Amino acid sequence: MAKFFAITILVIAILSAIPIVRNTWHPMEDISTHGQAIDKQLDDTMWEAGLSFLASQTILAWFIWRFSGSRPGEKSKSFPGGATGLVAGAIILVGVEIFALGIFGVKAWGNIYFTQPGADALPVQVQAGQFAFYFRYPGPDGKFGPLHADKISEANQNFFGLDPVADPDSKDDIVTAEMAIPVNKEIRLLMHAKDVSHSFYVPALRIHQDFVPGLDLQLHFTATKIGRYEIVCSQLCGLGHYNMKAYLDVFSQQDYDDWLKKQAAMQ
Amino acid sequence: MATTVVPPKIKPRRSPEPGHPGNGGFRDLVPTHGNLPAVQDYAPVPSKSAIWVVIAAIAMSFAAFTSALVVRQGASTDWHHLTLPPILYLNTLVLLASGVTLEIARRRVAVFMGGPRTLDLNPARWLYITAFLGVVFVAGQYVAWLQLRSEGLYLATNPNSSFFYLLTAIHALHVLGGLVGLTYVLHKLHRVVLRRSTLDSFSYYWHFMGILWVYLLLLLWMKI
Amino acid sequence: MHDTSAPAAAHHGPPTTFIRKHVFSLDHKVIGKQYYDLGLAAVLIGMVLSWLMRIHLGWTNFAIPGLHLLSKTGAPGDVMTPELYLQLMTMHATFMVFFVLTVAPFAAFGNFFIPIHTGAEDMPFPHFNMMSFWTTFVAFCVMLLSFFVGDGPTLGGWTQYAPLSAVGSVAGPGQGAGVVIWATSIAIFCVGQLFGSLNFIPNILDLRCKGLSMWRLPLPTWAWFITSCMGLTSFSVLMPACVLLILDHVAGTSFFVASNLVINDQLQPHSGGSTLLWQHLFWFFGHPEVYIAIVPGMGIVSHVLITNMRKPMLSHRVLVYSFGALAVLSYMVYGHHMFVSGMNPVSSIVFSFPTLLITIPSTIIVLIWIGSLYGAKLRINSASLFALAFISLFITGGVSGFFLAQPSIQILLHATYFVVAHFHFTMAIASVFGIFSGTYFWFPKMWGRMMNETLGRVHFWCSFVGVYCIFMPMHYLGLAGNVRRYSSFPADYMSPLVGVHQFITIAALFTGAAQLIFLYNFIHSRFWGPPAPDNPWQGTSLEWSTTSPPPWDNFGGRHMVVYHDPYQYGVQSSKGDYVMQDSPEQVKTENEEP
């Protein structure tokens, strides 16, 4: 039975590794400017983790195979070097690994969070509420009008609670149910939560950020490939959480301008 | 009231007893290859460790409330300082006095056990006074809440009042728990045998309630 | 009548009435078994809930016969609604994390074996110990109550993030009374655990018998000691959080709910609260909690392995120090659950370093285990199979943690099935395998009978292969961006993954069915198993120096004296290749702990 167990461990380890090696399931193609560092981080980690996984499962299997049974005539042995070698090895090897990954990871993280958007970044506001995302563009005046929570009305399709009568800046704001951005243009995303916690997850853009009720957050990114992508909510927000999503269209500059004009006409 | 004072039955610090498992505690008195049968049994009393467990847990929970206060204050601009009801300061004196009376009781216990069994030592009386002061403290806290209510400050009025009621109420609840413990100590004193360790453990808890209150008072004074 | 010369722990004589023997027992052994039965009931509930969830995930529109009985409005035509899915998910996690993983490896085995391992007659405060079980039982009943209130249990996940958890029923079914019941149950649970810690810690520190230094304690007892220290400092943070949550519900306070929130077009009456405050408080508890779930298992598995390897671990002290390091570090890493939560991104980097660092003690533990296997004479039986599997599972779970420790990678993997895979491997499988290992190993001592070994091995094989089939594919789903806590997958990029979910569901149902083999074996053996000898595994620690099951005062009036380290195997003695801890026999090759 011991030998069978050892083989089972080995087979499971190898079978588990196959989809990884063959890249059967993998993150979507990266369409962001900052995503390369993240993908490299994932790749490096996958190598180190994968090799550690295979090595340790194999050694476990081998020792179970080799050292099971009463083996009469053989004495019990101790691992050469005892605990000291293993502890030192663990500290050094793992220490180096984590230090390296940690340091490089700071850069990958910092590309998103420790940099500021340029002055000409295109501002787009996204509001998350049970169970939809709505987007707002500032319009030709480039300014967002203030939000009034008491004016929010789904029934009247006033999702953001704008008051164009009282606030001139709101008059030209464009509210949409889908997000569109021009390719290769930096976007400054303003995030606002209407009710409970939600999250803005766009795997292709390598963007993932929770909304915090009471705290408006800001992200910036640039998309590099035209196409249609999905934004999904990844922070449990209620019964409609599974269905809370929106499309993100990355257009050419021309197509984006056309789209925005059409949306403005529908306000 | 009885005219004679019954001497309290107090057990001395644990000495080697037949049947008692010994040799626990941090200092291990027996060397690995020592002459085991010859070594005297001595064991630290578990109630001391237990009361430190309780104190640690309560301290952690008040640390959690403190961080909730700090974070909540920073989260919004709706912080409105409220003046602490002056009776709080009186209550503080009462609670600290109860710590003093408790120490008097403990000293008398120690003297009683050490030698002179004079009847006018009467440590029980000082324990009763401690209990009384404890009750006065809790009553005083209740009066403080009434004073706040009369100013229109209820639990949910604003975050300051929320934390005021919360912190003082939970502390008062633990003081009431301490009074239950004191009842147990007095019960043991009169009915059975009071172990020194029981009294000591209770004292640590009670003094902790005092120290905790001083901390909370400072926190309330600075932040609320 | 009190015998004042008797030791503190033995204030009660042998129980005489049925109530005192089996219901309100002061005997730590009975309390331990009561906890075990509670854990068993909870795991059955949690498992059935998971079957329902998995069926829905594989086949969203499938009508599960009888489902409408579970919820008044959540299963029209026996088809699960999204809200019912989330409610079942929340209850599944809550029952499993609290009433199985904290109860079984820690409260159940710990209660039974700590006084025996320390050579004591009972816990120091048997009345508090009894209260700890019954308090936990009350918490369990209160949690069950949520199935019977208006719109059912809370749906906010076992993590109950605010404001979803704090604004009340306007946010969804179960978010009113359901949340208050949840928070009340958990607060009561925390109190029960404190009563337990205040027995475990003084027992280990103060009631050790003659000759039993701290370093001579067996590894499970060290693990329980360290876990008790974690419990008393973490549960005492969860309870205040639950109090604040209840106040936000019933008293109109705004600890967690910010201003200007609008739900269903209604402006919410709260203002000024902090969304992230809940997460900080919860995860300060939550991360030590997962180590509370795993460290006892590590201790148990070490104990089982040593007995079956017939040699001690390479270093007893290194393992203990590593358990301790895990416990200490566990308080510094909690922010890794909050990397993208909106807290300061610098904090995310700060939290990631201790998280990466915690890999080191975990690796040391695994390497010590594997290194100790070298040169062993490994016996294969149900207990040792589960213990060895624990190593394999913990490696897998630990390796996935390595990804999640990095904020930049969490951008891709946060809130996906990768996380679900990680915590199921470490908690649901490794920790549960630790419970199984302890059960097969200690069943003879606890219930005085032997379990059926063949059924044990069948249970093992089905479970080991089954759990890998269930949870390994979840890593791949996570890499592909499959978000968690979804009741179904309508998003364009996720719907092609449903086939994987169906595979997982089949594996889950099969593996679940295999657990019934264990249940049958467990119950049948309790009543009709062959009587167990005192020391069926030729073990050395003190539990094997008494009868199976032990008498009411554990050692039949003997005052135990310990002469050896706990794991004297591979020596030449009158008994064979081992010498028991309480045997005065000096042996030829004494295995001193390094």
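**Close-ups of a predicted complex**

View 1. Between chain C and chain A the count is 0 salt bridges, a salt bridge being a side-chain nitrogen of Lys or Arg within 4 Å of a carboxyl oxygen of Asp or Glu. What the rule does find across this interface is 29 residue pairs in polar contact, both residues at pLDDT 80 or more. A polar contact is a pair of N or O atoms within 3.5 Å; within protein, one must be able to donate a hydrogen and the other to accept it, and residues adjacent in sequence count only if both atoms are side-chain atoms. Keep in mind that this is a predicted model, where local features need pLDDT of at least 70 and side-chain atom pairs count only at pLDDT 80 or more, while totals for chains, interfaces and linings use all residues. Residues are numbered from 1 along each chain as its sequence is written, chains are lettered from A and ligands numbered from 1 in the order in which they are written, and side-chain values use heavy atoms, with hydrogens and water left out.

**View 2. Here is the area hidden between chains C and A.** The two chains bury about 8,400 Å² between them, 73% of it on carbon and sulfur atoms; buried area is the accessible area (1.4 Å probe) that two parts lose on being put together, summed over both. On the chain C side, Tyr374(C), Ile411(C) and Leu412(C) lose the most area to chain A, together 9% of what that side buries. The contact (heavy atoms within 4.5 Å) takes 98 residues from chain C and 101 from chain A.

**View 3. Strand β5(A) sits between two partners.** Strands are DSSP runs of E, at least two residues, numbered from the N terminus. Strand β5 (residues 186-193) of chain A has 6 of its 8 residues buried, so it is largely enclosed by the rest of the structure; buried means under 20% relative accessible area (1.4 Å probe, protein chains only). Strand β1 (residues 122-129) of chain A runs parallel to β5(A), joined by 7 bridges, and Gln125(A) has Leu190(A) as its bridge partner. Strand β8 (residues 217-222) of chain A runs antiparallel to β5(A), with 6 bridges; there Met191(A) partners Leu217(A). Strands pair if DSSP finds at least two bridges between them.

View 4. Over residues 1-10 of chain C, though, the pLDDT is below 50. Where pLDDT is low, the predicted coordinates should not be read in detail.

Key
Buried means under 20% relative accessible area, exposed over 50%, partly exposed in between (1.4 Å probe, protein chains only). Helices (H or I, at least four residues) and strands (E, at least two) are DSSP runs, numbered from the N terminus. pLDDT is the predictor's confidence in each residue, from 0 to 100.
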